[in-house]
Amino acid sequence: MDGIRTLAYVTDPEQLLFPDGGLELRYKLHNGLLGFTTGLERLAKLTVSANHFRLHGEYPKVSKYSHAVTRLLDAVEDLDISSIPDGPGLAGKYVQAGRPEVPATLVPLLEKYAKGGGRYEYLDSLSGSDVEPGLYRDWIALAGGCEEPDWLGPYLALTSYMPHALYKIAHAAEAQRGWNAEILLQPYIDQFDVPLHPKSVAMALHCFRLARWVTAFLSVISNELFYPSSGVRGKTPTFPYLCEVVDSTLLHSAENYFGFFVLRLDDPTAVREALEGLVEPGDWYDEDDDE
């Protein structure tokens with residue numbers, strides 16, 4: 001989750017007042033990719049292992065996949081779960097929907113990074129070799145071709161007005177009660193006072209959809225292991241009930257995932273309504289502006 005969230009905050013040079021001074025912001029891409037590729041790889045290996053255990057009662061050797069993200073995703077897609085009835089709830093829905101469509105070069109980029117390409121590019125560039133750091137450039141170029149979801153605009157407007165609203169609350173508390181509320185609210189102000197690049201958000205959501213798809217397979221398999229549809233109902237003591245772990249985290253719509261896990265807002269609609277009394281009405285994002 002942290003990897004996906006960090007990728008959503010990768011900054012585009014055009015968002016910076018001084019683009020040449022934004023090199024330090026590129027760590028978000030490396031940090032986000034490290035977290036996401038590591039998590040996706042382990043999630044896929046766990047899914048392949050769980051299904052093999054379901055069929056054969058033993059765990060396979062998944063080390064053969066190494067960091068080959070493409071092969072791992074293909075292995076998940078090829079899993080034989082035909083003997084399991086339609087999966088429960090959202091997990092079954094996402095399995096049946098098939099592998100999500102993502103930009104053609106996204107998975108190769110993820111695999112290249114997982115295998116070390118780009119991960120150490122800055123160190124390599126210091127060694128005197130001809131390596132030129134290009135991961136950030138490749139990400140921004142790939143993100144530039146992504147289509148932003150229709151629902152994203154209002155969320156971005158909400159985050160842009162949140163710091164302003166919190167400052168107003170802090171100043172009002174100081175004026176009326178003499179409280180230095182700004183010191184208490186500063187961590188929340190800082191959380192939202194970071195620009196979100198819509199294209200990077202779209203890319204991060206593509207990453208989320210890949211993880212959600214793998215998670216759906218794991219959820220269906222784990223549920224079958226714990227509550228087998230054929231044979232005696234009972235628990236498999238040697239295999240944990242992973243649905244409790246993965247379902248609540250990744251089996252969400254992209255919009256709900258973005259609102260809760262990326263922006264960390266329990267109820268974006270309620271937050272918007274609360275802010276309407278603090279922010280000038282004319283400053284709010286108008287959905288009709290997109291038409």
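Me: What share of the accessible surface of the protein chain belongs to carbon and sulfur atoms?
Reply: The model is a predicted one. In this model, the accessible surface of the protein chain comes to about 15,600 Å². The part that belongs to carbon and sulfur atoms is 53%.

Me: How many helices and how many strands are there in the protein chain?
Reply: Read from the N terminus on, the elements run α-α-α-α-α-α-α-α-α-α-α-α-α. The count for the protein chain is zero strands and 13 helices.

Me: What percentage of the residues in the protein chain is buried?
Reply: A residue counts as buried when its relative accessible area is under 20%. The protein chain has 291 residues, and the buried share of them is 46%.

Me: Among contacts between residues at least 6 apart in sequence, what percentage joins residues at least 24 apart?
Reply: Contact here means heavy atoms within 4.5 Å. Of the contacts in the protein chain between residues at least 6 apart in sequence, those that join residues at least 24 apart make up 76%.

Me: Is Lys28 buried or exposed?
Reply: Lys28 lies in helix α2, which spans residues 27-56. Leaving aside residues up to four places away in sequence, Lys28 touches Thr6, Tyr9, Val10, Thr11 and Val194. Its relative accessible area is 12%. Because the cut-off is under 20%, Lys28 is buried.

Me: How are α5 and α7 oriented to each other?
Reply: Helix α5 (residues 106-114) packs against helix α7 (residues 135-144) at an angle of about 160°, with the axes 11 Å apart. Angles over 145 degrees fall in one class, and therefore α5 and α7 are roughly antiparallel.

Me: Which residues make the contact of α5 with α7, and how do they divide?
Reply: From α5 come Leu106, Leu109 and Tyr113, and from α7 come Leu135, Asp138, Trp139 and Leu142. These residues of the contact divide into six nonpolar, no polar and one charged.

Me: Is α3 parallel or oblique to α10?
Reply: The axes of helix α3 (residues 69-77) and helix α10 (residues 198-226) come within 10 Å and cross at roughly 40°. Roughly parallel would require an angle under 35 degrees, so α3 is oblique to α10.

Me: What is the handedness of the crossing of α3 and α10?
Reply: The contact is made by Leu73, Val76 and Glu77 of α3 with Leu210, Trp213, Val214 and Phe217 of α10. Its residues divide into six nonpolar, no polar and one charged. The crossing of α3 and α10 is left-handed.

Notes:
Residues are numbered from 1 along each chain as its sequence is written. This is a predicted model: local features need pLDDT of at least 70, side-chain atom pairs count only at pLDDT 80 or more; totals for chains, interfaces and linings use all residues. Side-chain values use heavy atoms; hydrogens and water are left out. Helices (H or I, at least four residues) and strands (E, at least two) are DSSP runs, numbered from the N terminus. Buried means under 20% relative accessible area, exposed over 50%, partly exposed in between (1.4 Å probe, protein chains only). Axes are lines fitted to C-alpha atoms, for helices over the stretch in contact, and angles run from 0 to 180 degrees between N-to-C directions. Angles under 35 degrees count as roughly parallel, over 145 as roughly antiparallel, 65 to 115 as roughly perpendicular and the rest as oblique. A crossing is left-handed if the near helix is turned anticlockwise from the far one by less than a right angle, and right-handed if clockwise. Ala, Val, Leu, Ile, Met, Phe, Trp, Tyr, Cys and Pro count as nonpolar, Asp, Glu, Lys and Arg as charged, and the others, Gly among them, as polar. Accessible areas come from the Shrake-Rupley method with a 1.4 Å probe; for residues, only the protein chains shown count as cover.
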